Every structure is written in C-alpha cells, then in structure tokens.
Amino acid sequence: MKNPDSRIQIVHGDITKLDVDAIVNAANSTLLGGGGVDGAIHRAAGTELLAECRALGGCEPGKAKITRGYRLPARFVIHTVGPIWRGGKRDEARILANCYRNSLQLAVENEVKTIAFPAISCGAYGYPIEQAAQIALETTREFLGATQNIHRVIFVLWGDDVYDAYREALQK
Ligand code: AR6
C-alpha cells in the first residue's frame, strides 16, 4: 500500500482553478453561498450550482453533500460545513475532523480519485490555524491509510499563514 504522505500535496493558490475530480467547499449550513472560498466557488461555477444547492436542503456542521462542478474545471463540488470556533469546548475539533472524513468518504462513493480541500473553518469561522492544519492532516492521513481509492489529496491554501501552518503540520 502506498504511504499516505506520498498522496498528499500542499499548494498555494485558488482552489477554483484546480483540475481535479472534486474540490471541497467550506460552506455554511444553508448551502446557499456566502463569502470567502464559498463565494469564489459559486462565482466560478455559475448560477446552476446555486440551483442544485437549493434542492439539497442545507447541511449540518461536519457533514458533506455533493453536486456537479458546472463551469469549474473540477467535475464535482463536495460541500461541507465547518465548525464556528467558539473557544474549543463546543466539539469544534470533532466536527472539523468529520468534515474531512465525510468529504473523503463521499469522494470514494463517487469514484473521485483526486480531491482538493481549502482550509475549512480557517477564515470567517475563526478556527486557530495550527490546530486546524493538524486536524486536516491527521484525519486525511488516517483515511488514506485505510483506502487506496483516493490517489491524490491537494490542500489549496490561500494565505501565507495558512500555507506555512499546513507545511509544518505535514513535516511532523
Ligand atoms: N481558494 C482557496 N482558498 C481560499 C479561497 C480560494 N479561492 N478564497 C478564500 N480562501 P472561509 P470558513 C481561504 O472564510 O472559515 C463563507 O461565507 C481563506 O483565506 O472561506 O470555513 C461561508 O459561506 C481561508 O484560509 O471559510 C461560511 O458562511 C479558507 O479559505 C463561512 O464563510 C477558509 O475561509 C465559512 O467560513
């Protein structure tokens, strides 16, 4: 079995440009769009994405739902809802780990081989970046250790602070 770390990659940039089977959206529980990476994905995919999202009936924090990618290079968008940081005692870590686990599970069910994640909850939702990076890496490594069905996971980081935190977490 190929080592999980050889299937994980970290890049700086805009997730909407990635030519992968699926990109993950850091959405809110309405799934009706918003700012940050969510806004960028909806703008790049076009209005058909919002129409499909309307039919999904929202999504609970930690869960994930899949749509087509429309005008994006990616074939699918996996929408997940991260926790809002409230100091760390409201189950934030478990919910964030569930976002990664449930998105990867949905990817496997849809035969997605290559998937890109943004730094879920690290923007408007205020999750401490080093902790979020550690959870993202740990959960992904654990998942990849148990399946060969996902060939590549790319973390696409927008800011330098987030990029550096992920790089450090990967080296651990
Ligand atoms: N590509 C990759 N990463 C990006 C991009 C992009 N194009 N744009 C921003 N980021 P956020 P959250 C980074 O706030 O914290 C929305 O309004 C950004 O710099 O998008 O989970 C939703 O509708 C940050 O590092 O998501 C929700 O209401 C990371 O993506 C709420 O924000 C996540 O920041 C979700 O908040």
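**Helix packing and ligand surroundings**

In this predicted model, helix α3 (residues 92-109) packs with α4 at an angle of about 40°, their axes lying 9 Å apart. The crossing of these two helices, α3 and α4, is right-handed.

**Contact of α3 with α4**

- On the α3 side the contact is made by Ala93, Leu96, Ala97, Tyr100, Arg101, Leu104, Gln105 and Val108, and on the α4 side by Ala132, Ile135, Ala136, Thr139, Thr140 and Phe143.
- Sorted by class, the residues in the contact of α3 with α4 comprise 10 nonpolar, three polar and one charged.

**Contact of α4 with α5**

- Helix α4 (residues 129-146) also packs with helix α5 (residues 160-171), at an angle of about 45° and with the axes 9 Å apart, which makes α4 oblique to α5.
- The crossing in which α4 passes α5 is right-handed, and the contact draws on Ile129, Glu130, Ala132, Ala133, Gln134, Ala136, Leu137 and Arg141 of α4 together with Asp161, Val162, Ala165, Tyr166, Ala169 and Leu170 of α5.
- By class, 10 nonpolar, one polar and three charged residues take part in the contact of α4 with α5.

**Ligand surroundings**

- There are 22 residues around the ligand, of which Asn28, Gly35, Asp38, Ser121 and Ala124 come nearest.
- For Gly35, a backbone N or O atom lies 2.7 Å from an oxygen atom of the ligand, while for Ala124 a backbone N or O atom lies 2.8 Å from an oxygen atom of the ligand.
- For Asp38, an N or O atom in the side chain is 2.7 Å from an oxygen atom of the ligand.

Conventions. Residues are numbered from 1 along each chain as its sequence is written. This is a predicted model: local features need pLDDT of at least 70, side-chain atom pairs count only at pLDDT 80 or more; totals for chains, interfaces and linings use all residues. Side-chain values use heavy atoms; hydrogens and water are left out. Axes are lines fitted to C-alpha atoms, for helices over the stretch in contact, and angles run from 0 to 180 degrees between N-to-C directions. Helices (H or I, at least four residues) and strands (E, at least two) are DSSP runs, numbered from the N terminus. Angles under 35 degrees count as roughly parallel, over 145 as roughly antiparallel, 65 to 115 as roughly perpendicular and the rest as oblique. A crossing is left-handed if the near helix is turned anticlockwise from the far one by less than a right angle, and right-handed if clockwise. Contact means heavy atoms within 4.5 Å. Ala, Val, Leu, Ile, Met, Phe, Trp, Tyr, Cys and Pro count as nonpolar, Asp, Glu, Lys and Arg as charged, and the others, Gly among them, as polar. A residue is near a molecule or strand if one of its heavy atoms lies within 4 Å of it. A polar contact is a pair of N or O atoms within 3.5 Å; within protein, one must be able to donate a hydrogen and the other to accept it, and residues adjacent in sequence count only if both atoms are side-chain atoms.
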